[in-house]
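Here are a few friendly notes on helix packing, to read with the model open beside you.

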Amino acid sequence: MRIAMLAPISWRVPPRHYGPWERVVSLLTEGLVQRGVDVTLFATADSITRARLVAVCPRPYSEDPTLDPKVWECLHISAVFERADEFDLIHNHFDFLPLTYSGLVRTPVLTTIHGFSSERILPVYEKYNGRTYYVAISEADRRPQLTYVATIHHGIPLEEFTLRREPGEYLLFFGRIHHEKGTAEAIEVARRVGLPLIIAGIIQDHSYFERAVAPHLNDRIRYIGSVGPDRRDEVLGRALALLHLINFEEPFGLSMIEAMACGTPVIARGRGAVPEIVRHGETGFIVDTLEEAIEAVRRAPELNRERIRQHVAEHFSQDRMVEEYLRVYETILGQSGSHGARR
């Protein structure tokens, strides 16, 4: 089975600190290679993988403003489709643009839809619906007008996260700083319960940060920047709870399963995929209002942190994710008729 894995090039694979799509690509790619699948990863040249790496973009464009994203995206996507005949399947993680190449090649194209940045991108997915294959990353992110071959939740390697059985002493916001992610709501909850708050993540919306976050920073509400793999386990694991008070229909939310892998409960608004990930009263609390979030903070120490981690082991492991993608590959190759045997 020869798989061409097309990654985004906004960040490296795996990302140095932020880049959830690239992180999933890395976990899937390395898991497939571990199982003997022949994977060629199309990603930035500084990416690290045990697969065969093909790169035209020297560095992530989000880390180098001298790179024009449109130019390098065109070169990057064309690189895989010009070699399409070398592969049994092209697995696209690059959003909708590569779909416009899919009608030009015989190799089947599978797209993992990592969320819809806007309803305005749907016409592209609708045009290629039934002509390519789609995987949703949650039931909540499915669109009724599209046909999916599967829903596959993300998975993570538990060995990267340490179970801490005792509750931590601070609340944690972990994600991009943006109104959608509810940074201001996390600050408000921390302020009202009188607990320290650590804010970790990239500043995606600078005006929001200056208006809604910066004025509240002090010794007890601290912004520590974007946290990479070297600090992620400790920052997540030493928290009393992860505050995930989102203001949008989030398609998945990797930080929730990473926190739970440490035994840290998640307090989240029940929008998007949250009800698929958090078990209310068992691995965290699903809330609607800030008052409910405040009450949930008070109840968080009651939860069994070992059971919280077990929930991730049972439902959100890297191995489970890889196995489910392998089954999808075999289904597609079986339908295409010319391939299909797992090698």
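1. A word on terms before the first pair: two residues are in contact when heavy atoms of theirs lie within 4.5 Å. Please also keep in mind that this is a predicted model.

2. With that cut-off, Thr-183, Ala-184, Glu-185 and Ile-187 of α5 meet Tyr-208, Ala-212 and Val-213 of α6. Sorted by class, this contact of α5 with α6 holds five nonpolar residues, one polar and one charged.

3. How do the two helices lie? The axes of α5 (residues 183-193) and α6 (residues 206-213) come within 10 Å and cross at roughly 15°. Since angles under 35 degrees count as roughly parallel, α5 is therefore roughly parallel to α6. The crossing of α5 and α6 is right-handed.

4. Now have a look at α8 (residues 254-261), a mostly covered helix in which eight of the eight residues are buried. Following α8 comes Gly-263, with a positive phi near 90°.

5. Which helix packs with α8 at an angle of about 125°? The partner is α11 (residues 305-315), and the two axes are 7 Å apart. That angle makes α8 oblique to α11.

6. On the α8 side, the contact is made by Ile-257, Met-260 and Ala-261, and on the α11 side by Ile-308, Arg-309, His-311 and Val-312. By class, the contact of α8 with α11 has five nonpolar residues, one polar and one charged.

Terms used. Residues are numbered from 1 along each chain as its sequence is written. This is a predicted model: local features need pLDDT of at least 70, side-chain atom pairs count only at pLDDT 80 or more; totals for chains, interfaces and linings use all residues. Side-chain values use heavy atoms; hydrogens and water are left out. Axes are lines fitted to C-alpha atoms, for helices over the stretch in contact, and angles run from 0 to 180 degrees between N-to-C directions. Helices (H or I, at least four residues) and strands (E, at least two) are DSSP runs, numbered from the N terminus. Angles under 35 degrees count as roughly parallel, over 145 as roughly antiparallel, 65 to 115 as roughly perpendicular and the rest as oblique. A crossing is left-handed if the near helix is turned anticlockwise from the far one by less than a right angle, and right-handed if clockwise. Ala, Val, Leu, Ile, Met, Phe, Trp, Tyr, Cys and Pro count as nonpolar, Asp, Glu, Lys and Arg as charged, and the others, Gly among them, as polar. Buried means under 20% relative accessible area, exposed over 50%, partly exposed in between (1.4 Å probe, protein chains only).
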